[in-house]
Amino acid sequence: MSEVTVQGGQEVVGVGRIEGPILVVEGAVNVSYDEVVEIQDSRGQIRRGRVLEVGEGFAVIQAFAGSTGLSIDGTRVRFLGNTLHIPVTEEMLGRIFDGLGNPIDGGPEPLTDHYADVNGQPINPTARIYPRDYIQTGISTIDGVNTLLRGQKLPLFSGAGMPHDQLAAQIVRQATLGKVAGAPQTEGEEFAIVFAAMGVKNDVADYFRRSFTESGALTRVAMFLNLADDPPVERIVTPRAALTLAEYLAYEREMHVLVVLTDMTNYGEALRQISNVRGEVPSRKGYPGYLYSDLASMYERTGRIRTSKGSITQIPILTMPNDDITHPMPDLTGYITEGQIVLGRELNFAGIYPPVAVLPSLSRLMKDGIGKNRTRDDHPRWGAQLYAAYAKTQDVRALASVIGEEELSEVDQKYLKFGRAFEREFVNQSFTENRTIERTLEIGWKLLSMLPKKELTRVTLDEIAQYYKGDDASN
Amino acid sequence: MSDQVGTITWISGPVVRARGSRNVGMLELVEVGTERLVGEVIGLKGDQMTVQVYEETAGMQTGAPVYGTGLPLSVELGPGLIQSIYDGVQRPLPLIEAAMGSFINRGARFDPISREKKWKFSPRVKVGDEVKGGAILGAVMETDTLEHRIMLNPDDSGTVTWVAAAGEYTVTDAIAKVKVGKEEKSVSMLQRWPVRRARPFTNRRGANIPLITGQRILDTFFPVAKGGAAGIPGPFGSGKTVTQHSIAKWADAEVIVYIGCGERGNEMTEVLQEFPHLVDPRTGRPLMERTVLIANTSNMPVAAREASIYTGITIAEYYRDMGYHVALMADSTSRWAEALREVSGRLEEMPAEEGYPAYLAGRLAEFYERAGYVDNLNGTQGSVSIVGAVSPPGGDFSEPVTQHTKRFIRCFWALDKSLASARHFPAINWLDSYSEYIDDVAAWWREKVGKDWLTMRNRAMELLSEESRLSQIVKLVGPDALPYTERMVLETTRLIREGILQQNATEAVDAYSSVEKQIRLLELVLYFHERGMAIIKRGAPINLIHDLPVVDTIIRAKSTVTNEEMHKFDDIQKQIDEQMGQLDAEYRS
């Protein structure tokens with residue numbers, strides 16, 4: 001990234017203390033909180049950092065690339081007088097950047113005089129538009145029972161070894177603006193994808209790049225890569241740089257931007273590392289007390305505003321350490337985001353793709369984007385009924401494991417069959433299968449028809465009359 | 001009015017230290033830096049002051065000035081509060097949007113209450129009247145249905161020397177003059193009150209009138225009294241916010257104060273877009289016309305989040321003082337506690353549990369104790385009821401905020417992840433929740449609804465806890481091993497769970513249940529149980545009861561019978577009689 005807009009500020013030679021990526025610089029005056037600095041080591045190499053704390057005659061600095069090779073006397077710190085800004089322009093689509101926003105694809109610096117603060121500013125709640133347009137992803141477990149809307153933040157909670165990358169890639173490839181069931185497909189609108197990788201392996205970044213290429217979307221994608229062997233501290237900036245570009249594209253260029261952030265767990269670890277070095281009071285599992293506010297300052301940059309047609313939709317990916325959903329990262333994420341798609345290990349073992357664990361998954365905004373004039377009138381109750389029936393299946397399975405399937409009542413046996421079919425026919429679909437919303441609803445009704453009518457208390461009697469296909473003839 | 005009182009020496013996030021005057025007061029409002037950002041003095045040591053700043057401090061420099069104001073952090077009170085939406089320190093968000101666009105910049109300063117708007121004032125006192133603090137001097141109609149009573153500042157009292165004639169005035173125009181001691185004070189419709197000081201009242205009354213919310217699991221099973229305090233703890237996705245919204249929509253309070261404290265921006269937008277279109281069932285006016293919103297979302301400055309709770313409760317007390325019933329929702333108090341923790345951490349205070357400061361419990365107590373049903377200074381009665389959401393990390397109720405909150409509330413609505421997963425909403429677990437107001441409000445039900453609510457409610461709870469015991473056995477041996485009498489209990493509790501406890505906030509008929517409908521539903525289910533049990537005891541097999549068509553009718557009654565069609569319940573009762581009567585006749589012989 002360029003020499004931002006900053007005129008050279010004061011320069012201090014020598015630092016007082018170096019501890020991990022943290023430097024304490026003495027003798028600097030009038031330093032601004034959160035200001036960017038350039039750190040030059042004794043061989044003339046320059047790296048960047050920013051101010052974390054200022055006091056009388058000293059400043060605490062975090063070096064993005066770490067402190068390797070810095071010495072007490074041989075280090076020069078130049079204060080640039082401004083917070084971290086990156087250039088933002090439409091030309092950044094189709095390009096690849098490092099975690100701080102510098103091009104790494106061999107191409108030139110983006111040419112623009114438009115720079116934006118990576119920290120962004122909070123959206124005024126009165127300026128937002130509540131999300132109501134659903135995105136058809138072609139995946140039944142999302143469109144049918146955890147519908148994603150434009151302007152929503154919906155994370156994927158996964159674990160090591162599960163196909164979250166494939167699922168994210170499939171969503172990105174298949175996502176189109178949803179329409180009322182049965183209506184013809186409309187023309188696509190201007191869309192863009194901003195992809196940020198924090199501490200993931202090169203293979204993962206490569207997988208996404210290939211997937212974008214195959215779907216022909218690569219020219220619409222900006223990638224910000226901080227890979228596993230890149231400096232961890234840089235990770236603090238990577239998602240913010242990505243979101244800063246996304247905000248520009250959505251709110252000034254009126255595009256529909258899908259932001260994929262992976263893996264937020266690595267981001268959290270980088271934040272914890274800095275907090276530890278600074279000797280801050282830890283809260284849970286050593287994470288700093290401000291983890292919630294820090295995560296919110298990124299997730300809340302999703303949405304729609306009244307002055308632009310564009311939108312930002314976020315899909316952060318988190319691998320839950322030890323598959324523990326109560327770990328601070330997924331936990332605090334879940335409190336901020338508008339739902340979560342949880343991948344389940346048992347389904348994955350059973351060869352179900354995508355292994356979406358339907359019961360703990362949730363889309364909070366779903367209710368506002370489905371139903372009459374949006375998808376189909378019966379959709380909300382149909383979804384609740386599928387959930388309720390599948391939840392009941394779990395109880396029946398627990399019982400069956402104790403007393404054996406043969407001992408189950410007739411109705412319970414039907415639930416067992418329903419549960420198996422639900423996983424194999426509804427949840428399971430191929431990586432390339434793009435289901436319409438009609439198809440998803442149809443499969444759901446087919447499955448519900450395996451149960452007696454009396455069990456279907458969430459849907460209305462009219463809906464049963466219209467869609468029920470089972471052999472239960474009672475009324 | 002604001003002189004420089006210090007110079008900044010240290011900055012870390014929202015906490016700033018400055019050196020200068022020794023005459024700055026604790027909790028004084030100050031303006032920090034060249035942009036004059038709003039802050040509050042939270043610590044003093046010699047000539048050094050510690051300030052929490054309510055705006056983003058990025059770019060602020062050491063050596064910059066701090067200005068004093070001589071006043072504590074206060075809110076403006078007067079007509080125009082209703083239908084407003086403020087941030088945590090009472091800055092009007094619509095004006096910020098008009099001036100700065102879609103994003104909130106720093107340094108925004110606007111009057112919380114419009115100085116231009118004129119209100120039609122009618123006096124209630126005359127020259128020569130002796131008035132005490134809180135006395136009602138006059139009134140304006142703030143909305144078509146809400147009379148805003150203009151009160152004398154609670155700290156003043158004296159003789160009225162002049163009253164404005166009925167007519168139109170702005171909030172800053174003098175509407176009366178009162179001789180306080182030797183001094184004649186000019187009184188306008190606007191007053192300021194420090195947020196951290198509870199507004200005074202004469203005395204507390206018992207809380208024995210339920211706050212009716214139209215939510216069956218709350219009103220029928222775990223009622224909160226007007227002037228009471230309730231907590232809703234729950235893991236993410238269990239429906240805290242939906243429950244809070246439902247209460248804000250339907251509670252029978254005259255004024256609602258809704259505090260979005262460190263939560264999602266889209267949720268506040270939802271309230272803003274939905275409430276003007278929803279009709280208050282009692283007044284027939286849009287719900288927004290009784291609502292004040294405080295929105296300090298999770299990405300807005302953390303210190304202002306800490307203040308938002310106090311801003312909200314002070315506004316609530318102000319309307320209480322007029323003689324109104326006010327319900328305050330705080331979503332979420334955990335985010336407020338985290339703001340305390342964050343500021344405490346920056347001050348390097350010694351942490352107690354999980355990094356929270358040792359004064360967490362004290363602060364929670366101060367907040368919840370500002371709820372109450374009281375006799376006001378002016379002789380009217382009013383109440384502030386508090387419903388606080390709690391977001392325990394990992395859904396673990398043993399964490400400090402949930403545990404301390406439990407000490408200061410008397411009504412606990414425990415949300416349950418597994419109920420939410422099965423889409424049983426509201427996902428309030430009936431075995432973990434409790435209300436200490438049950439006996440207090442029983443008399444109200446007898447007098448106002450004319451039914452023995454307490455007995456029916458306890459009977460239903462008894463069946464539900466019986467179900468919990470039986471389901472342990474069912475898990476081990478299957479339902480077929482149970483005797484028919486016990487399976488009858490399971491049939492009935494299914495009706496209670498699906499027909500009463502489950503309530504769909506998004507369906508027009510089901511979203512709000514009148515108390516009459518609630519009690520009638522309960523009565524029907526219990527009637528079904530008694531009749532069914534009698535038949536079972538005569539030897540009828542359980543599947544005959546299970547297969548009765550009326551079972552489905554009862555489960556669907558919540559969404560097929562509106563609050564106005566109470567006679568339809570008589571039809572359902574007739575169906576029970578007919579269908580059970582047939583079985584009864586068969587097995588009597």
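## Chain A overall

Of the 475 residues in chain A, 62% are buried (under 20% relative accessible area; exposed is over 50%, partly exposed in between, with a 1.4 Å probe and protein chains only). This is a predicted model: local features need pLDDT of at least 70, side-chain atom pairs count only at pLDDT 80 or more, and totals for chains, interfaces and linings use all residues. Residues are numbered from 1 along each chain as its sequence is written, chains are lettered from A and ligands numbered from 1 in the order in which they are written, and side-chain values use heavy atoms, with hydrogens and water left out.

Among chain A contacts (heavy atoms within 4.5 Å) with a separation of 6 or more, 72% join residues 24 or more positions apart. The chain exposes about 17200 Å², and carbon and sulfur atoms supply 48% of that area (Shrake-Rupley method, 1.4 Å probe; for residues, only the protein chains shown count as cover).

## Helices and sheet of chain A

Chain A holds 13 helices and 20 strands (DSSP runs numbered from the N terminus: helices are H or I, at least four residues; strands are E, at least two). Helix 2 (residues 164–174) has 9 of its 11 residues buried, so it is largely enclosed by the rest of the structure. The buried residues include His164(A), Asp165(A) and Gln170(A).

An open sheet in chain A has 8 strands in the order 9-16-15-17-18-13-19-20, with mixed pairing (two strands pair if DSSP finds at least two bridges between them). Strand 9 (96–98) and strand 20 (362–363) of chain A are the edges, each pairing on one side only. Inside this sheet order, strand 15 (residues 191–200) and strand 16 (residues 221–227) of chain A run parallel, joined by 7 bridges. Val194(A) faces Ala222(A) in strand 16 of chain A.

## A sheet in chain B

Chain B has an open sheet of 4 strands, ordered 10-13-15-16, with antiparallel pairing. Strand 10 (130–131) and strand 16 (183–188) of chain B each have a single partner strand, so one side of each lacks a neighbour in the sheet. Strand 10 pairs with strand 13 (residues 158–163) of chain B over 2 bridges. Glu130(B) stands opposite Thr159(B) in strand 13 of chain B.

## Aromatic rings

Over all chains there are 24 aromatic pairs (Phe, Tyr and six-membered Trp rings with centres within 6.5 Å; planes under 30 degrees apart are stacked, over 60 edge-to-face, the rest tilted). Phe422(A) and Phe426(A) are stacked, at 5.0 Å centre to centre and 15° between the planes. They are 4 residues apart in helix 11 (residues 410–427) of chain A, and so about one helical turn separates them.

In chain B, Trp445(B) and Trp453(B) are stacked at 5.1 Å centre to centre, with 10° between the planes. Trp445(B) and Trp453(B) are buried.

## Arginines over rings

Arg173(A) lies over the face of Phe431(A), 4.6 Å from the ring centre (NZ of Lys or CZ of Arg within 6 Å of the ring centre and within 35 degrees of the ring normal). Arg341(B) lies over the face of Tyr356(B), at 4.4 Å from the ring centre.
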